[in-house]
Amino acid sequence: MDENARFYRELPKVELHAHLNGSVSFVTMEKLINRKPHLNIEKSMTAIGKGQRRTLDECFEVFKVIHKLVNTEEDILMVATDVIREFAADGVKYLELRSTPREEKDTRLTKQSYIETVIRAIQQCKNEGLDIDVRFLVAIDRRNGTEVAMETVKLAEEFMLSSGGQVVGIDLSGDPKVGHGKYLLPALEKAKNCGLKLSLHLSEVPSQLEETDLLLNLPPDRIGHGTFLHPEMGGTQHLVDKVVKNRIPLELCLTSNVKGQTVQNYSQHHFRYWYQLGHPCVICTDDKGVFCTDLSQEYQLAAATFNLSHEAVWKLSQQAVDCIFAEEALKEQLKEKWTKLQPQVLNLPVQQI
Ligand SMILES: CC(C)=CCNc1ncnc2c1ncn2[C@@H]1O[C@H](COP(=O)(O)O)[C@@H](O)[C@H]1O
């Protein structure tokens, strides 16, 4: 590893936008495929390699394949523990995992046992003494409509109260071209009222202005992507003003947006717009397995594309701590960790990009 790459690996990082089943690495995928040879799934069907791009629709097809491979409690436990260990090895000190609870009649997996298993994995990793704190966001897949959204919020609330603070919020995700946020509003309002934090995928594709405007009234605690919010991308100043006024952090995933072709190339990524505004931006991976990346690479990519010094990168990773959903006490502990690590990480004899 060259010294520059080492800087990004040693940089303490916060990952706030990681879909569990999109984060499954090649190594774990191999284990899953070996468990289920009858499915005839090849690794190439579950990831988008270097230089490759896919349409958004094709990307969502990949998740269907992965879901076939991950359909038992045993699979979920393995996938979640592997993903947490990999993030820890990548220098991530705080991780918010998100996942959509699924019921699988064949294997008697229930939404309840799905969430329990993810929590078990988090606990198992904690017992291993890994240097990473993990929290869980229960995801609503927007395609499933009002009733399922409400049921998901109820489950999330139960687990928030019973999990000793492991479940901290709700993610709204899924194919942005399917469904409409107005049908999910009551569930999201309920979530907010019971103390769950909200991270919502907003304006991931163009022409969602009305939905975005509506959901911004909640307001959410963080925004996933927000690619088409600003006027240069067909959004409006009104939307930007709402986001800025409430200082709602954006979770930005460069590789995902370029490989999924919602952004033409790295230099046109909306990171530039929001970063220049001085708005809180958090670099994230989205689906590190599907998009063959990790958080160190994403930081390095952002720095190379937008000409950020190591000091600026450090500040970016440090400011991400302010955007986490975990309790204040943990936030303070993480801030101390950053302060402690700063001299060691920034004093590395690094070559400039
Ligand atoms: C297609 C593409 C460019 C993906 C990146 N952007 C995304 N946008 C919206 N929802 C997503 C995205 N990536 C993953 N998800 C959600 O996360 C799920 C996979 O993780 P899980 O099963 O919830 O554990 C997908 O089925 C989908 O509901």
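An unreviewed UniProt entry annotates residues 12-337 as "domain: Adenosine deaminase". The model is predicted.

**Confidence**
- The protein has an average pLDDT of 96.
- A pLDDT of at least 70 is reached by 98% of the residues.
- For the complex, the predictor gives an ipTM of 0.99. The pTM is 0.97.
- Where pLDDT is low, the predicted coordinates should not be read in detail.

**Around the ligand**
- The ligand is surrounded by 20 residues.
- Asn21, Cys59, Ser99, Ser173 and Gly260 are the closest.
- Two elements, α3 (56-69) and β3 (133-141), each give two or more residues to this shell.
- Which element gives the most to the shell? Helix α3 does, with four residues.
- Sorted by class, the shell around the ligand holds ten polar residues, six nonpolar ones and four charged ones.

**Helix α14**
- Helix α14 covers residues 328-346, which is 19 residues.
- From the first C-alpha to the last, α14 reaches 26 Å. That is close to the 27 Å expected at 1.5 Å a residue.
- Where does α14 kink? The kink lies at Lys340 and is about 35°.
- The proline Pro343 follows shortly after Lys340 in the chain.

Definitions and conventions. Residues are numbered from 1 along each chain as its sequence is written. This is a predicted model: local features need pLDDT of at least 70, side-chain atom pairs count only at pLDDT 80 or more; totals for chains, interfaces and linings use all residues. A residue is near a molecule or strand if its C-beta atom, placed from the backbone, lies within 6 Å of it. Ala, Val, Leu, Ile, Met, Phe, Trp, Tyr, Cys and Pro count as nonpolar, Asp, Glu, Lys and Arg as charged, and the others, Gly among them, as polar. UniProt positions are given in the numbering used here, feature names are shortened, and annotations may be inferred rather than shown by experiment. The expected span of a helix is 1.5 Å times one less than its number of residues. The bend at a residue is the angle between axes fitted to the seven residues ending there and the seven starting there. pLDDT is the predictor's confidence in each residue, from 0 to 100.
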